[in-house]
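Open your viewer and get ready to select by residue number. This tour goes stop by stop.

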Amino acid sequence: MNNRKSSNRPDIHQNVVSKFEQLYGQSPAFVVRAPGRVNIIGEHTDYNDGFVLPMAIDRATWMALRPRQDNRLFVHSLEFNQTAEVPLDNLRKKGDTWVEYLKGVAWALQEGGYALTAWEGVSAGDVPMGAGLSSSASYELATARAFDAVSDFSWDPAAIARLCQKAENQWVGVNSGIMDQMISASGKEGHALLIDCRSLETELVPIPPGTVIVVMDSATRRGLVGSAYNERRAQCEAAAQFFGVKALRDLDMATFEAKADQLDDVTRRRARHVITENERTLAAKNVMQQGDAGTLGRLMNESHTSMKEDFEITTPPLDSLAEIARQQEGCYGARMTGGGFGGCAVALVDLDRAEAFATTVTEAYQKVVGLNASIYICHATNGAEIL
């Protein structure tokens with residue numbers, strides 16, 4: 001399946017409004033949306049207190065809703081064709097369904113001191129699940145925005161992002177970093193967002209003029225990612241401890257190279273990836289501010305090589321996908337994106353050539369790898385908002 005620009009996709013906004021009107025016989029009081037995301041550069045730097053550079057994409061979770069006064073939440077999911085009833089004064093975890101994201105966000109907001117008004121509504125989205133584009137963070141931030149709409153509390157993107165991360169970590173039980181929730185909360189149309197994962201300070205960075213970000217789903221899913229992730233995290237922590245720093249973010253290349261030969265080969269390569277990836281991410285911010293698509297593409301290519309050779313998280317299909325993308329006219333650069341071991345690659349492509357790029361990459365990948373890639377031509381959008 002090939003996916004194209006939003007104009008060729010179902011109107012999710014209209015779908016949730018229509019379903020709401022069908023269920024309740026009137027128009028919703030509010031419509032909210034919260035986007036998925038793709039990380040342009042900065043991989044496995046987050047838990048090393050480093051820098052990431054994600055972009056909110058024009059695929060999102062939408063909710064149409066109105067307030068209720070009985071402290072009970074009712075949400076109908078169009079994707080699952082199910083309706084959830086959640087008592088806000090008696091939240092309990094049951095199973096691992098989509099409903100737990102609703103409960104988790106409500107719980108985390110209450111834990112954060114927010115007084116919540118209940119609501120009823122309809123949810124739907126077009127962030128593909130399992131593709132590494134943060135459908136879960138999109139749903140969490142849409143839920144938080146829905147509560148904000150009816151409860152009228154002060155919307156602080158960073159504070160809400162932290163609470164949604166808490167919901168995912170402590171209620172749903174997924175040990176995610178802060179990046180996904182931060183970009184879904186704080187994105188801006190036409191821009192990526194540099195996030196300092198230590199301070200959570202952010203800086204908007206413009207997408208180079210005349211380019212788009214194209215996400216390429218390899219049609220492979222991550223295996224053993226938990227154990228591999230934990231292993232790499234431990235290796236990074238060991239390297240930081242060896243150099244006597246809090247995290248690898250505090251290490252520059254000169255200091256690293258002076259003592260690198262005292263590390264074992266694997267730990268040395270893991271640390272080198274993180275240090276160079278932080279440097280690439282900060283360099284990417286600078287060249288994006290200058291509108292330099294060529295240098296940004298080169299940095300993306302270098303990032304992929306580092307993830308392949310030093311961090312060892314790419315796979316043959318991802319390597320093939322990145323290489324095929326780079327061979328296409330109008331492609332400035334391409335790299336694996338996300339945790340690794342499957343999932344997606346991302347490319348920076350000339351806007352006028354994006355449709356042809358998507359078609360050619362799909363055909364070539366099928367021929368070389370034997371799998372059907374899904375291609376998402378993405379534009380940078382605003383973070384969670386009330387429409």
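Select strand 8 (residues 211-217) and strand 11 together: the two run antiparallel and are joined by five bridges. This is a predicted model. To see how they line up, show Asp217, which stands opposite Ser374 in strand 11.

Stay on strand 11. Is it enclosed or open? Colour residues 374-378: five of the five are buried, so strand 11 is largely enclosed by the rest of the structure. In a regular strand, side chains alternate between the two faces of the sheet. Check each face here. Ser374, Tyr376 and Cys378 lie on one side of strand 11, Ile375 and Ile377 lie on the other, and all are buried.

Now widen the selection. Which strands make up the open sheet, and in what order? There are four, in the order 9-10-8-11, with antiparallel pairing. Strand 9 and strand 11 are the edges, since each pairs on one side only. Look along the sheet for its twist: the average is 20° from one strand to the next.

Next, pick strand 8 and strand 10 (residues 344-350). Seven bridges pair them in the antiparallel sense.

**Two helices**

Two packed helices are described by the angle between their axes and the distance between the axes. Select helix 9 (residues 293-309) and helix 10 (residues 316-326). Their axes come within 12 Å and cross at roughly 160°. That makes helix 9 roughly antiparallel to helix 10. The crossing of helix 9 and helix 10 is left-handed. Show side chains to find the contact: Asn301, His304 and Lys308 come from helix 9, while Leu318, Asp319, Ala322 and Arg326 come from helix 10.

**Salt bridges**

How many salt bridges does a search of the whole structure find? The total is 27. Visit a few.

Start with Asp49 and Arg198. Their closest N and O atoms are 3.0 Å apart. Asp49 lies in the loop between strand 1 (30-41) and strand 2 (51-68), and Arg198 in the loop between strand 6 (191-196) and strand 7 (202-206), so the pair ties together parts that are 149 residues apart in sequence. Asp49 counts as buried at 17% relative accessibility, whereas Arg198 is partly exposed at 33%.

Go to Glu85 and Arg72. This salt bridge has its closest N and O atoms 2.6 Å apart. Glu85 is in strand 4 (residues 82-87) and Arg72 in strand 3 (residues 72-77), so the pair ties together parts 13 residues apart in sequence. Glu85 is partly exposed, with a relative accessible area of 42%. Arg72 is partly exposed too, at 30%.

Then select Arg335 and Glu277, a salt bridge with 3.7 Å between the closest N and O atoms. Buried or exposed? Both residues are buried.

For the last stop, select Asp265, Arg268, Arg269, Arg270 and Glu312. Salt bridges link these residues in a network.

Terms used:
Residues numbered from 1 in each chain as written. Predicted model: local features only at pLDDT ≥ 70, side-chain atom pairs only at ≥ 80, totals over all residues. Heavy atoms only, no water. Buried < 20%, exposed > 50% of the residue type's maximum accessible area, 1.4 Å probe, protein only. Pairing = 2+ DSSP bridges. Salt bridge = Lys/Arg side-chain N within 4 Å of Asp/Glu carboxyl O. Axes fitted to C-alpha atoms, helices over the stretch in contact; angles between N-to-C directions. Parallel < 35°, antiparallel > 145°, perpendicular 65-115°, else oblique. Left-handed = near helix turned anticlockwise from the far one by under 90°. Contact = heavy atoms within 4.5 Å.
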